[in-house]
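Trainee: I have a chain to look at. Can we go through it together?

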Amino acid sequence: MVLSLSVVVLLLILAWIFLRSGGLKFSHALVCVLLGFYLASSSIAATIHNGLTATANVVSSLHP
């Protein structure tokens with residue numbers, strides 16, 4: 001739960017930065033949001049979640 005909330009906040013911040021800098025138009029952001037909602041309700045959502053969790057575990061285990 002915490003990881004998914006952090007990812008959502010990170011993506012929201014990135015979308016806001018792109019929107020403010022002119023690199024992302026509002027219509028593009030809306031399409032991205034709708035795509036996210038559709039992906040979350042699809043059968044591939046569990047696979048995406050597992051992939052993101054595995055990636056987060058790998059990144060968190062790295063020690064620079």
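Trainee: Which share of the accessible area do carbon and sulfur atoms supply?
Mentor: This is a predicted model, where local features need pLDDT of at least 70, side-chain atom pairs count only at 80 or more, and totals for chains, interfaces and linings use all residues. Residues are numbered from 1 along each chain as written, and side-chain values use heavy atoms, without hydrogens and water. The chain exposes about 5,600 Å² (Shrake-Rupley method, 1.4 Å probe). Carbon and sulfur atoms supply 77%.

Trainee: What percentage of the residues is buried?
Mentor: Buried means under 20% relative accessible area, exposed over 50%, partly exposed in between. The chain has 64 residues, and the buried ones make up 3%.

Trainee: How do the elements run from the N terminus on?
Mentor: Helices are DSSP runs of H or I, at least four residues; strands are E, at least two. The chain has three helices and zero strands. The order is α-α-α.

Trainee: Where is confidence lowest?
Mentor: pLDDT is the predictor's confidence in each residue, from 0 to 100. The chain mean is 79. Helix 3 (residues 45–61) is highest, at 89. The lowest mean, 71, belongs to helix 1 (residues 2–21).

Terms used:
Buried < 20%, exposed > 50% of the residue type's maximum accessible area, 1.4 Å probe, protein only.
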